[in-house]
Structures are given as structure tokens and as C-alpha cells.
Amino acid sequence: MSVLRTAGLLLALLVLMPQLAAAQAPAAGADDPDRDFNRSQPDFVVVNLPTTLRVPKFKSAFRVTHRFGRPLGDGDFASLAEDLFGLDSGANIGLEYRFGLMRGLQVGIHRTNNRTIEFFTQYSLLQEANHGFGLGVLASIDGTNNFRDSYTPALGVVISKELGRYGAVYAEPLWVNNSNPLPTELVDDNDTFMVGLGARLRIRPTVNLVGEFIPRTGNNPGVNHGTFGIEKVAGGHTFQLNFSNGFGTTMGQLARGGTAGDDWYLGFNISRKFF
């Protein structure tokens, strides 16, 4: 009987040990609050503009941007449907990787298929939990022809205000140098000052509406860049369907504006956190 009793106790311990361990284990991300999921800021960008979400130290994230080349207003509906609403046209594609170099500091690289490469960094100065709003400083530089020609540096700040658990709004004053790809001796104004305005609003537990508008002064060809879309958050993934009046995804490209006020292009972003 004692053998049976001992076996029963061992069996009970084997069953209960995983539950006891789970009960005593710290909550996910308790050792590093940067790893906690933020419902108001689930991603490091709105559509193109950065958020104040921090990349945890020694963690990383990857993003794919995709903008189809056919305007949705080009041709009649039958022609557009035959082209699968632009999906059969060429596309502007970007690949991005970012890394948490230290607490609050992230660095990254973004390359588009027109051979533009952007290096960027962002440092978090203030956080929402402690100050009621988020504040970060950012710097970037992109270069055409695989970073061999026409360098365009940018400096700015990112200010965020979370709307409880229902999203966040952003204001991002940015200065972009050499935004005109022509040589400086041929142009009078080679700088752009822009204010990125963005918002993310949660309409379902894992569904958000997103939008951006970027008014500019100085060198401001084209039209002010605008984007809106809808996204689904699933674990460490974010799947976003968006509509833009331009193809820009780097700071230099955004400073050059959209193509036309009545041209809108279908696109998407896919991002993945590795933590």
C-alpha cells in the first residue's frame, strides 16, 4: 500500500508541477517593460512615420512595405478589376530591419527596390507611463544607388499621446536636407521642413484604423503625402492594408511628396517582432 501511495503522490506532483511553476513565474516581460505588448502602440510605425514604441535591448523587428504602381483611379472599374486593383502592376517594395542597441535606443536599415538605402536611429527621451506623453529624437540618412549617390539626411522628434487603450496620436516635426535630387547649384531651395501627423485608433480588440498626413514647406514638389488604412494585430505580427497618394517610405522620399492629389495606390505593410 505504501508503494501505491508513494506512486500516487509522485504522479500528483508530476501533474501539478507545471501549474505551480506557471503560477510562480513572473509575467511575460516583467523583467523588461519594453517587451510588454502595448495595445495603443502595437508597431514601430503608423504607416511610414515612426511611433515612440521602443525596441527592447538586443531584440529586433522586421518589416516589409509594398506599394503597387497603378493608381486606383486610372481607367474604368472593369479595367481596374482586370488588373486586380493594381496587383498586376509593378510595385515599390521596401525591406526593413531594426535592432535595440541599448535601452531606449534603436537603429535600423531600410532598402527599397529603387536601390535607395536608409540608415536610421531613434532614442526615447520620455515615456507615456512616466510623463503622460512619449518623446523621442530621430536621425536618418538615405542614399540612392545603394547609398552611393544623392545623400538625404533628416533630423526630427516624435511626440506621441496614447488614447488610453484605444490608440495614439502623433506629431513629428522633421527637417530634411538635400530633399531635391537636383544638384544644389541648379536649385534655390534644397531643404524641406515637414510635420508628420499620424493616428492609430483601435476599433476591435486586434483591429486598428491608421492614418497619416505630412504637410511641408521649403522644397515641396508633388502633393503632401497622405495615407490611411486598416491593420490586424496577431501576436508578434502586424498585417496592414493601406492606401497612399505616393510611394515614399524613407524620410527623403516622404519629403518629396506624393504624385497627385487624385492618385491613390493600394499597398500593404507586414511587420514581425522577434521578442
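## Basis of the description

Helices and strands are DSSP runs, helices of at least four residues and strands of at least two, and they are numbered from the N terminus. The model is predicted.

## The largest pocket

The largest pocket has a volume of about 370 Å³. Its lining consists of 18 residues, and those closest to the centre are Asp34, Asn38, Gln127, Ala129 and Glu162. Three elements, β4 (117-126), α3 (128-131) and β6 (149-162), each contribute at least two residues to this lining. By class, the lining of the pocket comprises five nonpolar, seven polar and six charged residues.

## Enclosed cavities

Three cavities of 30 Å³ or more are present in the structure. The largest cavity has a volume of about 160 Å³. Among the 16 residues that line the largest cavity, Pro50, Arg98, Glu118, Phe120 and Met251 are the closest to its centre. Strands β2 (91-102), β4 and β5 (134-143) give two or more residues each to this lining, and β4 provides the largest share, with four residues. The lining of the largest cavity has six nonpolar, six polar and four charged residues.

The second largest cavity holds about 70 Å³ of space. Its lining is made up of Asp43, Phe44, Val45, Ala61, Phe62, Arg63, Glu96, Tyr97, Arg98, Ser271, Arg272 and Lys273. The elements that give two or more residues to this lining are β1 (60-68), β2 and β13 (265-274). In the lining of the second largest cavity, five residues are nonpolar, one is polar and six are charged.

## Nonpolar surface patch

Leu163, Tyr166, Val169, Leu201, Ile203, Leu209, Ile230 and Leu241 make a nonpolar surface patch of about 670 Å². Within this group, Tyr166 is placed in the loop between β6 and β7 (167-177). Tyr166 counts as exposed because its relative accessibility is 54%, and the cut-off for exposed is over 50%.

## Salt bridges

Side chains of opposite charge can pair when their charged atoms come close. Seven salt bridges are found in the whole structure. One of them joins Arg54 to Asp34, with the closest N and O atoms 3.1 Å apart. Both residues lie in the loop between α1 (2-24) and β1, 20 residues apart, and the pair links distant parts of the chain. Are Arg54 and Asp34 buried or exposed? Residues under 20% relative accessible area count as buried; Arg54 is at 11% and is therefore buried, and Asp34, at 8%, is buried as well. Asp32, Asp34, Arg54 and Arg103 are linked in a network of salt bridges. Asp34 is also one of the residues closest to the centre of the largest pocket.

A salt bridge also connects the side chains of Arg63 and Glu96, at 2.8 Å from N to O. Arg63 belongs to strand β1 and Glu96 to strand β2, so this pair ties together parts that are 33 residues apart in sequence. Arg63 and Glu96 are both buried, and both are among the residues that line the second largest cavity.

The side chains of Arg200 and Glu231 form a salt bridge with an N to O distance of 2.5 Å. Because Arg200 lies in strand β8 (residues 191-204) and Glu231 in strand β11 (residues 225-234), the pair ties together parts that are 31 residues apart in sequence. Arg200 counts as buried at 0% relative accessibility, and Glu231 is buried with a relative accessible area of 2%.

Note on methods: Residues numbered from 1 in each chain as written. Predicted model: local features only at pLDDT ≥ 70, side-chain atom pairs only at ≥ 80, totals over all residues. Heavy atoms only, no water. 1 Å grid on protein atoms, 1.4 Å probe; cavity = no way out; pocket = protein on both sides within 12 Å on 5 of 7 lines; lining within 4 Å. Points joined across faces, edges and corners; volume = space filled by probe spheres on them. Nonpolar A, V, L, I, M, F, W, Y, C, P; charged D, E, K, R; others polar. Patch = residues over 30% accessible without salt bridge, like charges linked within 9 Å, V, L, I, M, F, W, Y side chains within 5 Å. Areas by Shrake-Rupley, 256 points an atom, 1.4 Å probe, with all protein chains shown as cover. Salt bridge = Lys/Arg side-chain N within 4 Å of Asp/Glu carboxyl O. Buried < 20%, exposed > 50% of the residue type's maximum accessible area, 1.4 Å probe, protein only.
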